[in-house]
Amino acid sequence: MKHVTIYKLQDDGSQTVLAVCKLVGEAVECEGNQIFINNLMEDGIRDYAELDPNIRLFPKDGAEFLEQLPNNFRSGYLMAEIEE
Amino acid sequence: MRVRVPPRAPNLWRHYIRLLKNGRNDLRKSRRIFSIPKHPHEEILESRTIVGKRDLRKMRPESIHTNAVYFVSLEDDGSGIFKPKLGRNVNKATEELGIYPKRARAAYLISQFFGLDIVPPTVVREIDDTIGSLQKYVSGGRDFYEFADISQEELLKKLQKQFAALWVFDYIIWNSDRGSGRNIIISADKVHAIDFENNEGVVSKLDTWYPNK
């Protein structure tokens with residue numbers, strides 16, 4: 001099953017897993033750092049498929065949310081990767 | 001918050017446009033015109049030997065959904081985040097290929113010009129035959145998403161002046177890619193603004209203001 005893993009960069013250049021998100025039914029469920037997950041649930045993420053930067057996606061939006069995670073976390077400090 | 005604006009600033013907008021559009025040569029020229037003091041870390045990022053380079057993507061280059069990002073170790077204990085210009089996704093046909101490092105560098109210079117000191121030192125450098133932006137790594141940095149709710153409120157209060165500076169800065173560059181705490185790294189009570197690659201607003205807005213440029 002397709003899922004997205006969010007990695008956090010450490011000072012030595014290594015990465016640790018911060019959270020793993022996957023599609024369960026119609027919605028996305030995440031496991032991992034609870035603070036991070038709570039903020040994802042409350043703040044949502046930007047939908048780069050839309051021109052308006054104020055349009056947000058939330059876990060309840062399902063696959064769209066999952067697909068947009070890598071576009072939102074790409075700084076290097078946090079990296080989201082779609083994995084099979 | 002007190003922001004010192006150089007007296008010639010109102011006349012420099014046209015130069016900003018060239019700075020944002022034309023790349024490194026103009027950036028060098030801009031440094032002279034704007035009299036931006038060079039940060040010691042710029043010299044480090046520009047000149048130190050690369051001793052390590054780690055691809056931060058787990059899915060490798062054939063993956064189309066992520067952008068290329070590298071953690072780069074520099075000689076004598078420095079490190080940075082390197083984003084090669086050709087490793088970036090080009091989402092829009094209108095976007096110039098390879099413009100992203102210029103945006104990152106321009107954001108840094110503008111931050112320094114206004115004395116905001118809010119963007120980590122960023123240079124354009126060639127590493128392994130690839131030009132890209134190299135930004136100083138913020139040690140111990142935490143993303144805004146990593147703060148607990150109560151801490152976020154306290155954080156906003158505690159770092160109010162810095163967030164005000166960030167707001168001013170985003171307004172100046174017409175940043176379209178901030179949202180609620182996006183692209184912010186906080187380390188040791190200092191706010192760092194990062195990731196300007198997808199800020200389409202800065203150029204498109206200036207095009208609107210100066211259509212005949």
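K8(A) stands opposite T16(A) in β2(A). The model is predicted: local features need pLDDT of at least 70, side-chain atom pairs count only at pLDDT 80 or more, and totals for chains, interfaces and linings use all residues. Residues are numbered from 1 along each chain as its sequence is written, while chains are lettered from A and ligands numbered from 1 in the order in which they are written.

Strand β1 (residues 3–9) of chain A and strand β2 (residues 15–24) run antiparallel and are joined by seven bridges; two strands pair if DSSP finds at least two bridges between them. Together β1(A) and β2(A) make a hairpin with five residues between them, and G13(A) in the turn has a positive phi of about 95°. β1(A) is also joined to strand β6 (residues 78–83) of chain A, antiparallel, by six bridges. There, E83(A) in β6(A) is the bridge partner of H3(A). Six of the seven residues of β1(A) are buried (20 or more other C-beta atoms within 10 Å of a residue's own, with C-beta atoms placed from the backbone).

Chain A as a whole has two helices and six strands, in the order β-β-β-α-β-β-α-β from the N terminus. Helices (H or I, at least four residues) and strands (E, at least two) are DSSP runs, numbered from the N terminus.

Chain A also meets chain B: 32 residues of chain B are in contact with 22 residues of chain A, contact being C-beta atoms, placed from the backbone, within 7 Å. β1 (50–55) and β2 (70–74) of chain B each supply at least two residues of the side that touches chain A.

Notes
Two residues are in contact if their C-beta atoms, placed from the backbone, lie within 7 Å. A residue is buried if 20 or more other C-beta atoms lie within 10 Å of its own, exposed if 12 or fewer, and partly exposed in between; C-beta atoms are placed from the backbone.
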